[in-house]
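Here is a short briefing on a two-chain model. Look over the sequence and the fold first, then read on.

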Amino acid sequence: MVGGCTLLFLAIALLYVLSQDPVYTAEATLSVRSQEEIGPTASFDEILSGLQDPASSRGRLTEEAAERAGWEDGQADFNDRLDWEPVNDEEVRVRFSASTPEEAARAANAYAEVFVERVRELEGRPVGGSVAVDAEVERVAEPPERRSDRGVLLAAVAAGVGGLLIGGIAALFLESRAHRWSGSIDAERTLRAPVLAVIPDYSDELPDLSPPESEARGKPGDELLRGEGRRG
Amino acid sequence: MGSERALAEETVRTHQLLDPGSEVGRSFATLVENLDALGRPAKSVVITGPESGVGRTTVCLGLGATLAAVGRKVTIVDCNLDQPHLHRPFGRPNFIGLTSALEGSGSLENYGFEAAPNLRIIPTGPVLPGLPGSWVLPNSPKLVEAIRDLGESRDVVLLDAPVASEVLDAPNFWGSFDGVLLVVHATRTPKGVARGFTDALLDARINLFGVVLNGHV
């Protein structure tokens, strides 16, 4: 039962994963360096934030990157698939996830190129506490050879755990049903024999048999068999 | 302390079974009515179950007490040689009983004790170590003869028999008595196991009076 449910859930998870678009993630690396500092040193995040500020450049980076990559599924979708993070004080990693390797690489490179162009446009203007920054694409994104989504593994684990849980509960339920007789009709249908009597569980009717009282009176239950105890 | 308490509870349960006015006693009255309604009165009944712990002894005592309360002379014979039990709730030793009667002479009736008016209990008696299985004696013609003799002086003989698989292995035994009552427990007995045994009992052409559903909640 448990194995069956687990296999069923795994099969459902497999169908789900197969019905989903694959995900490929391409990665480009940018280097961004401050050329001359005045005042307090700006952090890398501040420089990047400044570069992305619409007030400091013409339009948003991502909009131009999406246009250059030929992205047709909307700006919000492009933004969702784009991810960038600083690697160290001078490098930033740009990742883009798409359903084909080529699309992913194209979009990652488009963003990296637009980023570099914006930085160069800003040359000589203060950005994030620096008077100037220099940027270049250190490593161009290549179309990835493998899928990056972990959906199959996650779905398999979730299906396995879910199958074990649901299967275990179902097995317990069926096991209890297989042991529990609801009454004489149930018994007659199951056994194909007449039920001549249903004897109730009368354990609740037992009187208190706490040890001190029993010990005080001698052998447990003796008084009852002598007819001196509780009747009925 | 635990076994003492268990014995105390068992003793109280037995007392309730012997009280025809109790709620459980009324359920056994229904059993008596239904047995009587089957046709000719059952004088010798084999009481068995698909597995141990379903309440064969409970049904024997409850049925026996109810029959005795209406004036029928009843004897219950403990045939569970591997697990002698019937003497325990009465606080009786198992020094004499069925095995003593088969080895000695005289009526089987003389080897028991009176538990209540009209209700006589025959324990297993001493069981010698090394006896190959509990069902060797019941398979013997001597036992059948002894119980038939007992039927001459008693209105009803109830046999607290081993589990159904052992009863099925002893055709000489079950074929010699009026019929079989199968006890199943309402929360412990797997339905598939019970069904297998009723099918087997019917296939063996055993006269299955019917089923008693015990421990119903």
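A residue counts as buried if 20 or more other C-beta atoms lie within 10 Å of its own, as exposed if 12 or fewer do, and as partly exposed in between. By that count, buried residues make up 27% of the 232 residues in chain A. In chain B, 51% of the 217 residues are buried. The model is a predicted one.

**Chain make-up**

- Chain A holds 9 helices and 5 strands.
- Along the sequence, the elements of chain A run α-β-α-α-α-β-β-α-β-α-α-β-α-α.
- Chain B has 8 helices and 7 strands.
- In chain A, 75% of the contacts with a separation of 6 or more link residues 24 or more positions apart.
- In chain B, 80% of the contacts between residues at least 6 apart in sequence join residues at least 24 apart.

**The sheet shared by both chains**

- An open sheet is built from 8 strands, ordered β5(A)-β7(B)-β6(B)-β1(B)-β5(B)-β2(B)-β4(B)-β3(B). Its pairing is mixed.
- At the edges are β5 (195-200) of chain A and β3 (113-116) of chain B, each of which pairs on one side only.
- On average, neighbouring strands of this sheet are turned by 25 degrees against each other, direction ignored.
- Helix α5 (residues 141-153) of chain B packs on the sheet. This helix touches β1 (44-48), β2 (74-78) and β5 (156-160) of chain B. The direction of α5 of chain B makes about 145 degrees with that of β5(B).

**Two strand pairs in detail**

- Strands β6 (residues 179-185) and β7 (residues 208-216) of chain B pair in the parallel sense, over 6 bridges.
- In that part of the sheet, B:Leu181 stands opposite B:Gly210 in β7(B).
- β3(B) pairs with strand β4 (residues 119-122) of chain B in the antiparallel sense, over 3 bridges.
- Here B:Ala116 stands opposite B:Leu119 in β4(B).
- The hairpin of β3(B) and β4(B) has 2 residues between the strands. In this hairpin B:Asn118 takes a positive phi near 75 degrees.

**Nonpolar cores**

- The largest nonpolar core has 72 residues. The members that touch the most others are B:Ile47, B:Leu158, B:Leu159, B:Leu182, B:Val211 and B:Val212.
- Helix α3 (residues 56-69) of chain B gives the most to this core, with 8 residues.
- Another core, of 28 residues, lies apart from the largest one. Among its members are A:Phe78, A:Val92, A:Val94 and A:Tyr111.
- What does B:Leu158 contact, leaving aside its neighbours within four places in sequence? The partners are B:Val45, B:Ile47, B:Cys60, B:Leu63, B:Gly64, B:Val74 and B:Ile76.

**Helix α8 of chain B**

- Helix α8 (residues 191-203) of chain B has 13 residues, which at 1.5 Å a residue should span 18 Å.
- The residues B:Ala194, B:Phe197, B:Thr198 and B:Leu201 of α8(B) are buried.
- Why do the buried residues of α8(B) line one face of the helix? Seen down the axis, they fall within an arc of 100 degrees.
- An α-helix has 3.6 residues a turn, so residues three or four places apart point the same way.
- B:Gly192 and B:Asp203, on the other side of α8(B), are exposed.
- The buried residues of α8(B) pack against α7 (184-191) of chain A, and against α6 (164-168), β6 and β7 of chain B.
- Just after α8(B), B:Arg205 takes a positive phi of about 60 degrees.

**Helices of chain A**

- In helix α3 (residues 61-69) of chain A, the buried residues include A:Leu61, A:Thr62, A:Ala65, A:Ala66 and A:Ala69. They cover an arc of only 125 degrees around the axis, which puts them on the same side of α3(A).
- Just after α3(A), A:Gly70 takes a positive phi of about 70 degrees.
- A:Ala11 lies in helix α1 (residues 2-19) of chain A.
- Is A:Ala11 buried or exposed? A:Ala11 has 12 C-beta neighbours inside 10 Å, so it counts as exposed.
- A:Ala11 and A:Ala156 are 145 residues apart in sequence, yet their C-alpha atoms are 8.9 Å apart in space.

Terms used
Residues are numbered from 1 along each chain as its sequence is written. Chains are lettered from A and ligands numbered from 1 in the order in which they are written. This is a predicted model: local features need pLDDT of at least 70, side-chain atom pairs count only at pLDDT 80 or more; totals for chains, interfaces and linings use all residues. Helices (H or I, at least four residues) and strands (E, at least two) are DSSP runs, numbered from the N terminus. Two residues are in contact if their C-beta atoms, placed from the backbone, lie within 7 Å. Two strands pair if DSSP finds at least two bridges between them. Axes are lines fitted to C-alpha atoms, for helices over the stretch in contact, and angles run from 0 to 180 degrees between N-to-C directions. A nonpolar core is a set of buried Ala, Val, Leu, Ile, Met, Phe, Trp, Tyr and Cys residues joined through C-beta atoms within 7 Å. The expected span of a helix is 1.5 Å times one less than its number of residues. The arc is that of the directions from the helix axis to the C-beta atoms.
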